[in-house]
Amino acid sequence: MPYFVETILDEIERISFIVNEFMVFAKPHSVYFSEFDVKNILSSVISFLEPKALLKNVRIKYEFPSEDIVFTGEKNQLKQVFINLIKNSIEAMPTGGNIYVSIDSTAHHILIKIKDEGVGIGEEHVKRLGEPFFTTKHNGNGLGLMVSYKIIQNHKGTINVKSKLNQGTSFIITFNKKTKKEAFNL
């Protein structure tokens, strides 16, 4: 039971953060960067979304390195990005399938890959992903990816998308590793 209480409290904090993000349109606010293990954030997101995925016959498979993957950023913002991308992957597989989440760490980069076996996105649409109000979903508004792209950009990262119709989509997020001194001079 304590695990669920912790998850609920984490999600209440995230909801509060989302509401505050909407306030960005009204007034700017400060963002607080701190050090954290990216694996913990992704594990939390996967645990949160797994019940929804299972209801849609989707399995989330993940592969993380054994060592800590320490990053400096705003963890609630990055959590929101991962939620957006994994939820999109779930929705892209109406008949079920697999989502593969991986982290790779090199000497200079952290790469996070979220790949699905969904319907895919046409080349002409891939180029427009992240544009305000552009969506390929019938009930979408196009703001989730727009906000996600902006968050990654604010963290000095990039998002690359590879997709083929009826073969799935991969989102690859790349962050440059920084020293502690560089990280806090953003």
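1. Strands count as paired here if DSSP finds at least two bridges between them. Strands (E, at least two residues) and helices (H or I, at least four) are DSSP runs, numbered from the N terminus.

2. Before you go on, keep in mind that this is a predicted model: local features need pLDDT of at least 70, side-chain atom pairs count only at pLDDT 80 or more, and totals for chains, interfaces and linings use all residues. Residues are numbered from 1 along each chain as its sequence is written, and side-chain values use heavy atoms, with hydrogens and water left out.

3. Now zoom out to the sheet. Five strands make up an open sheet with mixed pairing, in the order β2-β4-β5-β7-β6. At the edges sit β2 (58-63) and β6 (157-164), each pairing on one side only. On average, neighbouring strands of the sheet are turned by 15 degrees against each other, direction ignored. (Axes are lines fitted to C-alpha atoms, for helices over the stretch in contact; angles run from 0 to 180 degrees between N-to-C directions.)

4. What packs on the sheet? Helix α2 (residues 38-55) does, touching β2, β4 (97-105) and β5, and its direction makes about 165 degrees with that of β2. Helix α3 (residues 75-91) packs on the sheet too, touching β2, β4, β5 and β7, at about 25 degrees to the direction of β5. Contact means heavy atoms within 4.5 Å.

5. Have a look at glutamate 74, in the loop between β3 (70-73) and α3. Is glutamate 74 buried or exposed? Glutamate 74 counts as buried because its relative accessibility is 10%, and buried means under 20% relative accessible area (exposed is over 50%, partly exposed in between; 1.4 Å probe, protein chains only).

6. Phenylalanine 4 belongs to helix α1 (residues 2-22). With a relative accessible area of 53%, phenylalanine 4 is exposed.

7. Finally, the whole chain. You can find six helices and seven strands, following the pattern α-β-α-β-β-α-β-β-α-α-β-β-α along the sequence. Of the 186 residues, 40% count as buried. Among contacts between residues at least 6 apart in sequence, 70% join residues at least 24 apart.
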